[in-house]
Amino acid sequence: MRTYLVTFHKTVPDDTGHDHRVLQRQAVVTACSDVAAAYAAKAMLCEADGVVDWRLRADTCEVCELGEHAA
């Protein structure tokens, strides 16, 4: 099993019309693959925020494998 950092961002405009990526949530997940880690983190986000689809809270989901010594 590998450890992954899954990060969710949402792009929102400010009052001048410029877009900014805002961090919504991060999760450290242990999984067999990056796809499995993304799936687990999406389920965690939905449960924590009480939504049926993670895209209601974020636009992007980025998965990064953590090294053995980083966790």
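A: A term to begin with: a salt bridge is a side-chain nitrogen of Lys or Arg within 4 Å of a carboxyl oxygen of Asp or Glu. Asp 53 and Arg 55 meet in one through their side chains (2.8 Å, N to O).

Q: What kind of model is this, and how are residues numbered?
A: This is a predicted model, where local features need pLDDT of at least 70, side-chain atom pairs count only at pLDDT 80 or more, and totals for chains, interfaces and linings use all residues. Residues are numbered from 1 along each chain as its sequence is written, and side-chain values use heavy atoms, with hydrogens and water left out.

Q: How many salt bridges does a search of the whole structure find?
A: Six. In one of them, the side chains of Lys 10 and Asp 59 meet at 3.7 Å, N to O.

Q: Why does that pair tie together parts that are apart in sequence?
A: Because Lys 10 is in strand E1 and Asp 59 in the loop between H1 and E3, 49 residues apart in sequence. Helices (H or I, at least four residues) and strands (E, at least two) are DSSP runs, numbered from the N terminus.

Q: And Arg 25, which side chain does it meet in a salt bridge?
A: That of Asp 49, at 2.5 Å, N to O. This pair also links distant parts of the chain, with Arg 25 in strand E2 and Asp 49 in helix H1, 24 residues apart.

Q: Different topic. In what order do the strands sit in the sheet?
A: Three strands form an open sheet, ordered E2-E1-E3, with antiparallel pairing. Two strands pair if DSSP finds at least two bridges between them. The edge strands, E2 (19-31) and E3 (60-65), each pair on one side only.

Q: How many bridges join E1 to E3?
A: Six. Phe 8, for instance, has Cys 61 in E3 as its bridge partner.

Q: Now Thr 7: buried or exposed?
A: Thr 7 is buried, at a relative accessible area of 9%. Buried means under 20% relative accessible area, exposed over 50%, partly exposed in between (1.4 Å probe, protein chains only).

Q: What is Thr 7 in contact with, beyond its neighbours within four places in sequence?
A: Leu 23, Arg 25, Gln 26, Thr 60, Cys 61 and Glu 62. Contact means heavy atoms within 4.5 Å.

Q: Back to Asp 53 and Arg 55: how exposed are they?
A: Asp 53 is partly exposed, with a relative accessible area of 23%. Arg 55 counts as exposed at 53%.
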